Amino acid sequence: MPTDAPPSPLRILVFGAALRAESANARLASLVARLVSDTGATVDLAAMRDFDMPLYDGDVETAEGLPNGALALRDRLEQSDAFVISSPEYNGSIPGLLKNAIDWVSRVQPQPFKTKHAMLVSASPSLVGGNRGLWALRVPLEHLGTRVYPDMFSLPNAYQAFAEDGTLADPGLQQRLTETVSAFLSLVEADVRYVCLERRWYEFLGDRTEAAITQRAEE
């Protein structure tokens, strides 16, 4: 008797939003990628250097279109069911490099951030672990329609936080990160596999039209 084929694995894009190869956020991104892979999902582990692009300039966009780095990020977002960003905190906010990438990709139609699920994590030598930067990062992503997972993970004292095998030296933090990743993937799977309601998203509360194209990077 024929049976239904098992569903394909979830596809999760994970990237660290710092350029430095040995940054704490690159290490945290690698750890998250390992935890995602342990669940059976397919991981696309990337680095910000994979998405090199100039500062956003409307004149450059008009003359030359989107740069290759922005198109590469668009492609990898579109190929994924969800994404995870491990972002450093610069002066209490988002790294300019990451915000610039979001601004460029926001020019793509249809919008690749829209309705994607995202999980935000950070690592910092500070005692707050980069948490302030994650709150700032939620703003542009949610504006673009990303479904940002409520639970964020911030790793303090990051330069001393990793064990030799790449896991977190503190068992409690390792368990919390593992549980957060697992819960996030359960939500993504429920949305991808079992969604039964029409998806709707509006640019502003009260807006009931989706026809207008918002010039997001220049608002």
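**Buried and exposed positions, strand pairing and helix packing**

Leucine 144 is buried, with a relative accessible area of 3%. This value, like the others reported here, was computed from a predicted model. Leucine 144 is located in the loop that links α5 (131-143) to β5 (147-148). Its C-alpha atom lies 8.9 Å from that of proline 112, although leucine 144 and proline 112 are 32 residues apart in sequence.

Glutamine 160 is found between β6 (153-155) and α6. The relative accessibility of glutamine 160 is 61%, and because the threshold for an exposed residue is over 50%, glutamine 160 counts as exposed. Glutamine 160 and alanine 24 are 136 residues apart along the chain, and their C-alpha atoms are separated by 9.7 Å.

Burial was also examined along strand β3, which comprises residues 82-86. Five of the five residues in β3 are buried, so the strand is largely enclosed by the rest of the structure. In a regular strand, side chains alternate between the two faces of the sheet. In β3, Ala82, Val84 and Ser86 are on one side, while Phe83 and Ile85 are on the other.

Between β3 and β4 the chain passes through helix α4 (residues 96-105), forming a right-handed β-α-β crossover.

The packing of two helices was then considered. The axes of helix α1 (residues 24-38) and helix α6 (residues 171-194) come within 10 Å and cross at roughly 60°. The two helices are therefore oblique to each other. The crossing of α1 and α6 is right-handed. On the α1 side, the contact is made by Leu28, Leu31, Val32, Leu35 and Val36. Helix α6 contributes Gln174, Leu177, Thr178, Val181 and Leu185 to this contact.

Definitions and conventions:
Residues numbered from 1 in each chain as written. Predicted model: local features only at pLDDT ≥ 70, side-chain atom pairs only at ≥ 80, totals over all residues. Heavy atoms only, no water. Buried < 20%, exposed > 50% of the residue type's maximum accessible area, 1.4 Å probe, protein only. Helix = DSSP H or I, 4+ residues; strand = E, 2+ residues; numbered from the N terminus. Right-handed = clockwise from strand over helix to strand, strands pointing away. Axes fitted to C-alpha atoms, helices over the stretch in contact; angles between N-to-C directions. Parallel < 35°, antiparallel > 145°, perpendicular 65-115°, else oblique. Left-handed = near helix turned anticlockwise from the far one by under 90°. Contact = heavy atoms within 4.5 Å.
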